[in-house]
Amino acid sequence: MTRQRRCCPSILLLMVVMTWAAVLMQQHALVDKVWREYTADLMTGQTVLAGSPPHDQAIVTQLLQVNSRTQAQINDKQEQQRMKQPKGNVTSPQMHFNNQPLTLVTKQLTSSSNCFNEAPRQFRNISWQFTSCQYTNLCFNVQTFQYVLAAGATSLPVALGGINPRWDVGAGYDRGSTKVKWSPNVMAAEVDQYYQLPDDVVLVPFHSFAGHNVGHLLWDDFFAIFRLLQLYNMLDEQERLQILPIRQVLEEKLYATCDIRRNKRLQCTSNFQKFLPLMNVDPMHYSSHKQVNFTGNAKSPLVCSKRAVAGLGMLTDHGKRDHGWEMHQQREGIGESVVPHMLGKGKLFWDFRLFVLRNLGLKDSEPALFIKETAPRIIFSLESSRDWDRRLTFTQQIRALEKDLAANAANIQAHTLWQMPLADQIQLAMNCHIFVTTCGGGSITATFLPRGASLLVFYNETGGFDFGSFQSNGAPARLDWDLLGNAAHLRVHWLPIGGMDTKDGLNLFVNLIRHELKVIKMLS
């Protein structure tokens with residue numbers, strides 16, 4: 001008999017390990033390649049238009065030209081500031097803070113604060129949530145990662161970010177809105193040497209409400225920062241101040257925020273890099289306060305800004321409400337009242353729209369709404385939510401409209417917007433007459449609808465949630481009702497998802513569209 005030779009188990013194990021190591025090395029090389037391409041895109045601004053379909057080359061070119069002009073203006077301003085510096089100050093081109101040039105100042109540091117508070121009487125015990133402050137010479141200590149003011153200054157507590165009422169319901173490691181309560185420390189001793197940011201920079205320390213979600217990023221972070229800057233007259237179109245946003249990382253994490261889990265932190269980083277140009281912010285100037293980029297041979301740990309603001313608490317689109325749709329409930333701890341948070345603030349929402357369009361170099365010309373030769377555009381936003389109860393394709397509604405309306409009565413379009421480049425989404429909305437979407441984050445494109453447009457928002461009429469017990473309560477869930485309902489430049493209609501595919505529901509939908517088309521014709 002011929003004896004078969006058996007392979008030694010240790011050799012087999014070694015072969016498996018070597019094969020697995022080779023696979024890991026290939027994966028590492030691929031990840032490294034993707035990361036290098038991604039960071040290269042950040043340097044050229046390409047991630048502003050990140051999306052699945054090919055980019056519109058004209059829009060890409062337009063945005064890159066805007067970024068180039070803006071950077072040229074910034075360079076000119078910095079040169080003018082350098083020439084105006086007193087002789088006692090030394091410009092330090094080798095010193096930078098988040099890619100902003102620094103000047104070494106050798107004189108006594110003085111700071112001041114100017115705070116605004118509009119807390120209603122019933123919320124005086126948490127007035128810090130309603131406080132916003134403007135600072136002169138707010139400084140960041142790159143060694144301790146803390147913000148400080150010069151000796152003798154006044155420091156009041158503010159909410160660094162918007163308030164999620166769920167943080168104060170129940171108990172747990174991720175609860176407690178007081179975690180975003182913040183105030184800069186006042187130094188005990190005088191300082192006679194520090195670094196100064198350029199005069200046209202506004203330092204904005206903030207805590208992100210939930211930046212991993214684009215809807216919250218736009219309406220709870222960016223809109224609130226815009227309102228804060230507007231409150232202190234820092235949006236002069238001629239002056240064009242540079243916003244330097246520094247995201248605060250809390251030592252004790254909060255529910256549904258950027259740092260609660262690794263996947264949310266990564267998504268937040270990606271979203272900020274993609275969408276900061278909406279605020280006219282170069283992503284290279286942004287970081288968390290734990291990851292600031294401070295380069296050079298430092299003679300002082302202090303980096304100070306002549307202009308700084310903080311306190312986003314009640315400046316979000318929903319204030320103390322949860323998504324702005326619990327309008328009638330008055331529960332202790334939730335802070336509900338029957339007065340809508342955004343009542344009378346529709347102009348602010350319109351101003352925010354114009355601010356973003358200006359930052360992207362998109363001219364808000366005469367909207368197609370008033371051009372008689374243009375067939376009204378009806379745009380359906382498909383699958384705009386990740387929640388299945390709101391992930392709609394509007395198949396029945398589109399079919400009913402195409403059957404009922406004459407061929408030239410309207411230009412009906414259906415788009416999966418989250419697959420489109422950002423600039424394309426904005427351009428689409430700017431030239432839209434009637435926009436159909438579901439509520440929640442998928443409706444943020446409605447921010448860019450023109451004055452006089454119609455917005456039809458589908459909502460889950462039984463999707464309500466009791467945040468006291470964290471159980472479904474079967475009530476209507478009109479997410480962002482407060483913000484959209486007070487957008488005075490739009491005509492907003494709320495339609496329940498459950499009944500809209502029925503015969504009566506489809507008839508109602510078609511008749512509503514017909515009515516809106518008549519209104520648009522009269523406006524034309």
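Predicted model: local features only at pLDDT ≥ 70, side-chain atom pairs only at ≥ 80, totals over all residues.
I would like to begin with F272, which at 1% relative accessibility counts as buried, where buried means under 20% relative accessible area, computed with a 1.4 Å probe on protein chains only. Y286 is also buried, its relative accessible area being 11%.

Residues are numbered from 1 along each chain as its sequence is written, and side-chain values use heavy atoms, with hydrogens and water left out.

Now to the aromatic rings. The structure holds 21 aromatic pairs, a pair being rings of Phe, Tyr or Trp (its six-membered ring) with centres within 6.5 Å, called stacked if the planes are under 30 degrees apart, edge-to-face if over 60, and tilted for the rest. In one of them, Y135 and W182 have ring centres 6.4 Å apart and planes at 90°, so this pair is edge-to-face. Both Y135 and W182 are buried. F272 and Y286, by contrast, form a stacked pair, with 4.9 Å from centre to centre and 20° between the planes.

Y135 and W182 also belong to one aromatic cluster, together with F97, F140, F145 and Y147.

Finally, which charged residues lie over rings? The charged end of K320 sits over the ring of F123, 5.8 Å from its centre, and R451 lies over the face of W350, at 4.1 Å from the ring centre; the criterion is that NZ of Lys or CZ of Arg is within 6 Å of the ring centre and within 35 degrees of the ring normal.

Notes. Buried < 20%, exposed > 50% of the residue type's maximum accessible area, 1.4 Å probe, protein only.
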